[in-house]
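Let's take a friendly tour of the charged side chains in a protein structure. Have the sequence and the 3D view ready as you read.

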Amino acid sequence: ETGVTQTPRHLVMGMTNKKSLKCEQHLGHNAMYWYKQSAKKPLELMFVYSLEERVENNSVPSRFSPECPNSSHLFLHLHTLQPEDSALYLCASSQDWQDYNSPLHFGNGTRLTVT
Amino acid sequence: AQSVTQLGSHVSVSEGALVLLRCNYSSSVPPYLFWYVQYPNQGLQLLLKYTSAATLVKGINGFEAEFKKSETSFHLTKPSAHMRDAAEYFCAVSERDTGFQKLVFGTGTRLLVSP
């Protein structure tokens with residue numbers, strides 16, 4: 001496989017459930033990102049990891065818990081979500097986390113619906 | 001902080017017509033700018049990026065963008081639209097005061113192409 005792979009593609013969960021989103025990058029990049037894409041809103045950066053260390057937590061509620069066990073894998077653990085958390089969650093990676101010229105490479109996202 | 005503004009949430013063109021998608025940026029330092037495209041049910045794909053090497057940047061799928069410092073603009077163009085260009089387009093700028101690569105996105109412009 002190449003690029004950035006996200007699973008599952010679709011997820012429906014109740015507000016009391018616990019689930020996890022998975023992201024894997026096969027590009028040899030050293031930074032990984034979680035973005036949230038909601039209708040009619042700009043993409044919102046949630047978390048940034050570089051070499052398995054979190055370098056950004058953009059005021060995200062604690063019901064979202066990221067995990068980066070190695071430079072190729074990124075998880076987003078979800079628990080007690082709210083309906084307004086329904087959105088497309090996008091994972092991305094970049095080659096050099098300190099290079100402002102380095103583009104982000106995105107996965108196809110997980111469409112999350114909270115009922 | 002850096003930001004981008006995309007004028008027009010929707011742009012409609014006929015197949016074969018010129019495509020013009022507008023992006024204005026705000027930055028106190030020379031910006032790093034990007035254009036991304038998002039097809040339905042997919043993640044974001046890089047179209048092109050501005051790195052100060054040349055003001056006219058050519059990207060994939062026949063798109064190009066011109067950096068105009070005097071107008072703080074980075075508009076995306078394509079001479080002749082195809083049906084397959086129908087998608088949502090996002091302009092983004094590197095937020096360069098963070099110490100790491102962080103992209104700030106505009107709200108997007110949906111391109112509609114009619115036969």
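## Before we start

This is a predicted model, in which local features need pLDDT of at least 70, side-chain atom pairs count only at pLDDT 80 or more, and totals for chains, interfaces and linings use all residues. Residues are numbered from 1 along each chain as its sequence is written, chains are lettered from A and ligands numbered from 1 in the order in which they are written, and side-chain values use heavy atoms, leaving out hydrogens and water.

## Salt bridges

Side chains of opposite charge can pair when their charged atoms come close. A salt bridge here is a side-chain nitrogen of Lys or Arg within 4 Å of a carboxyl oxygen of Asp or Glu. Over all chains, the search finds six of them.

## A pair in chain A

D85(A) and R63(A) form one salt bridge, with their closest N and O atoms 2.7 Å apart. D85(A) sits in the loop between β8 (73-79) and β9 (87-94), and R63(A) in the loop between β6 (53-57) and β7 (64-70), so the pair ties together parts 22 residues apart in sequence. Strands are DSSP runs (E, at least two residues), numbered from the N terminus.

D85(A) counts as buried, at 2% relative accessibility. Buried means under 20% relative accessible area, exposed over 50%, and partly exposed in between (1.4 Å probe, protein chains only).

## Two pairs in chain B

E64(B) meets K58(B) in a salt bridge of 2.8 Å, N to O. E64(B) is partly exposed at 22%, while K58(B) is exposed at 62%.

E88(B) and R110(B) also form a salt bridge, at 3.0 Å. E88(B) lies in strand β10 (residues 87-94) and R110(B) in strand β12 (residues 109-114), so this pair ties together parts 22 residues apart in sequence. E88(B) is buried at 15%, and R110(B) is partly exposed at 35%.

Conventions:
Helix = DSSP H or I, 4+ residues; strand = E, 2+ residues; numbered from the N terminus.
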